[in-house]
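Welcome! Have a look at the structure first, and then we will go through some contacts together.

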Amino acid sequence: MFHFHKNKKTQRGVTLTELLIAITIAVIVVGMGFKIYLSSKQIYRSNRTSTVADVRELSAKKIIYDAVTNSGLSCKYGAKTQKYINRTGDFETKDDFVYDGSTIRVGNISQVGDYIRRSLKGSCEGICYQPNSDFIMLKKEDSFARLAVAPVNLTLKLDKRVSWQQGDYLALCNNDDVDVVKVEKNNNNDQLNDIRLAATPYSEYGKGDYVGKFDVNIFYIGDTGEKDKQGNRLYSLNLFTNNSNTSSSYALIDGVSDLKVSYAFINNKNLHWRNVDKTIDIDKTDYQALKVSFKVNGNKFERVILL
C-alpha cells in the first residue's frame, strides 16, 4: 500500500509581515495612481483654460480686423472724396457720424456710453460698459443696388429687389456727392423695385448710380452683469448696432476686457504710437495704422491694422 504524505511547507499561510508589505506596496501604487490622476486633471484644466483664452484672443483679433478693413461703402467713384449731404429728414447734430464722410471713428467709451445706454432703453446689463475703455465705430455696408432710372421726387427705382425697411439709412453716390437718405417705405412687389424716401436727394443722380444700405456698428467692452468669485465685474466684447430704428447690443466674446486703441504717426521720420485721448475720425487723417489691444483672463494682446 502506498501512503501519500502532505508537505507541511505547502500548507503555510501568508505571514503578517508579508501582508503588511503587500498592503504598503498597494497603498504606494494607489497613491501614485491618484497623484497621476490629479496631475493629469490639473494639466487638462490648465490646457483647457489656455485653449479657451487662445480661441478668445484669436476670435477677437479677427472680428475687429475684419470689421475695420471691410468698413465703408463700395461707391464706384469712391466714398471719401465726395461731399456728404444729409437728406434724411433727421435733425443733424454737429459731427454726427451717420451724416459725414468718415467710416472709422475711435475714442473713449465715455463719449458714446450714454448714447448706447439710451438707445438700448434700459436693457444694458450692470453698468452697461467698462469704464476707461475705448470704442471703435464703423460704417458698414449691408447691401447695395443700382438706380434703374434717375430718381423721381421721393422715389428710387432700383435694378433689383431689396429688403430695406422704413428707417434704414442709404447712401446715394455720384462722382461729386454722397446724399445720405432714409427709407420711408418699401414698395417692392413682383412688378416694382421702388423705394420711397423721407426727403428728396439734393444732388442729381442717374441710371447705374450706387444706392447702398449701411449700418453704424460700435465695438466696445460691455458689462455682462455677472461677477467672479472675488466680486470683480465680468466683461465681454460687444457689438452695438443701430438700424431701422432698432438698437441692439450683442455679446460676441466673453472674457474680453480693457479695449484700447492707439494710432500711428510719423514725426521726424520716426514711427510713433499715440493712445486715443479724444474722438478721432481716423480715415480723415494721415494716420496709417491702428493698434488695438485688449485683455483675456488678465493677459494683454495686441493687433496692428494697416489702413
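Let's begin with tryptophan 273, which is partly exposed because its relative accessible area is 32%, between the limits of 20% and 50%. Please keep in mind that this is a predicted model.

**A nonpolar patch on the surface**

- Tryptophan 273 belongs to a nonpolar surface patch, together with Ile266, Leu271, Val304 and Leu306.
- Taken together, these residues have about 520 Å² of accessible area.
- Two strands, β12 (270–275) and β15 (299–306), are the elements that give two or more residues to this patch.

**Aromatic rings**

- How many aromatic pairs are there? The count comes to 6.
- One of the pairs joins tyrosine 99 and tyrosine 169, which is edge-to-face because the ring planes are at 80° and the centres lie 6.4 Å apart.
- Tyrosine 99 sits in the loop between β1 (83–87) and β2 (104–108), while tyrosine 169 is in strand β5 (residues 169–173), so this pair ties together parts that are 70 residues apart in sequence.
- Are these two tyrosines buried or exposed? Tyrosine 99 counts as buried at 6% relative accessibility, and tyrosine 169 also counts as buried, at 18%.
- Phenylalanine 294 and phenylalanine 301 make a tilted pair, because their planes are at 40° and their ring centres 6.2 Å apart.
- Phenylalanine 294 is buried, with a relative accessible area of 2%, and phenylalanine 301 counts as buried at 17% relative accessibility.
- Ring pairs also link Tyr99, Tyr169 and Phe214 into a cluster.

**Charges over rings**

- Over the ring of phenylalanine 144 you will find the charged end of lysine 160, 5.3 Å from the ring centre.
- Arginine 303 places its charged end over the ring of tyrosine 65, at 4.3 Å from the centre.

**Salt bridges**

- A search of the whole structure finds 11 salt bridges.
- Among them is the one between lysine 213 and aspartate 142, where the closest N and O atoms are 3.8 Å apart.
- This pair links distant parts of the chain, with lysine 213 in strand β8 (residues 210–227) and aspartate 142 in strand β3 (residues 134–146), 71 residues apart.
- Lysine 213 is buried, at a relative accessible area of 7%, whereas aspartate 142 counts as partly exposed at 46%.
- Lysine 157 and aspartate 194 also meet in a salt bridge, at 3.2 Å from N to O.
- Because lysine 157 lies in strand β4 (residues 155–157) and aspartate 194 in strand β7 (residues 194–197), this bridge ties together parts that are 37 residues apart in sequence.
- Here lysine 157 is partly exposed, with a relative accessible area of 32%, and aspartate 194 counts as buried at 8%.
- Glutamate 302 forms a salt bridge with lysine 300, and their closest N and O atoms are 4.0 Å apart.
- Glutamate 302 is partly exposed, with a relative accessible area of 41%, while lysine 300 counts as exposed at 53% relative accessibility.
- Which residues are linked in a network of salt bridges? They are Asp100, Arg105, Lys139 and Asp281.

Note on methods
Residues are numbered from 1 along each chain as its sequence is written. This is a predicted model: local features need pLDDT of at least 70, side-chain atom pairs count only at pLDDT 80 or more; totals for chains, interfaces and linings use all residues. Side-chain values use heavy atoms; hydrogens and water are left out. Rings of Phe, Tyr and Trp (its six-membered ring) pair if their centres lie within 6.5 Å; planes under 30 degrees apart count as stacked, over 60 as edge-to-face and the rest as tilted. Helices (H or I, at least four residues) and strands (E, at least two) are DSSP runs, numbered from the N terminus. Buried means under 20% relative accessible area, exposed over 50%, partly exposed in between (1.4 Å probe, protein chains only). A charge sits over a ring if NZ of Lys or CZ of Arg is within 6 Å of the ring centre and within 35 degrees of the ring normal. Patches are made of residues with over 30% relative accessible area and no salt bridge: like charges are joined within 9 Å, nonpolar side chains (Val, Leu, Ile, Met, Phe, Trp, Tyr) within 5 Å. Accessible areas come from the Shrake-Rupley method with a 1.4 Å probe; for residues, only the protein chains shown count as cover. A salt bridge is a side-chain nitrogen of Lys or Arg within 4 Å of a carboxyl oxygen of Asp or Glu.
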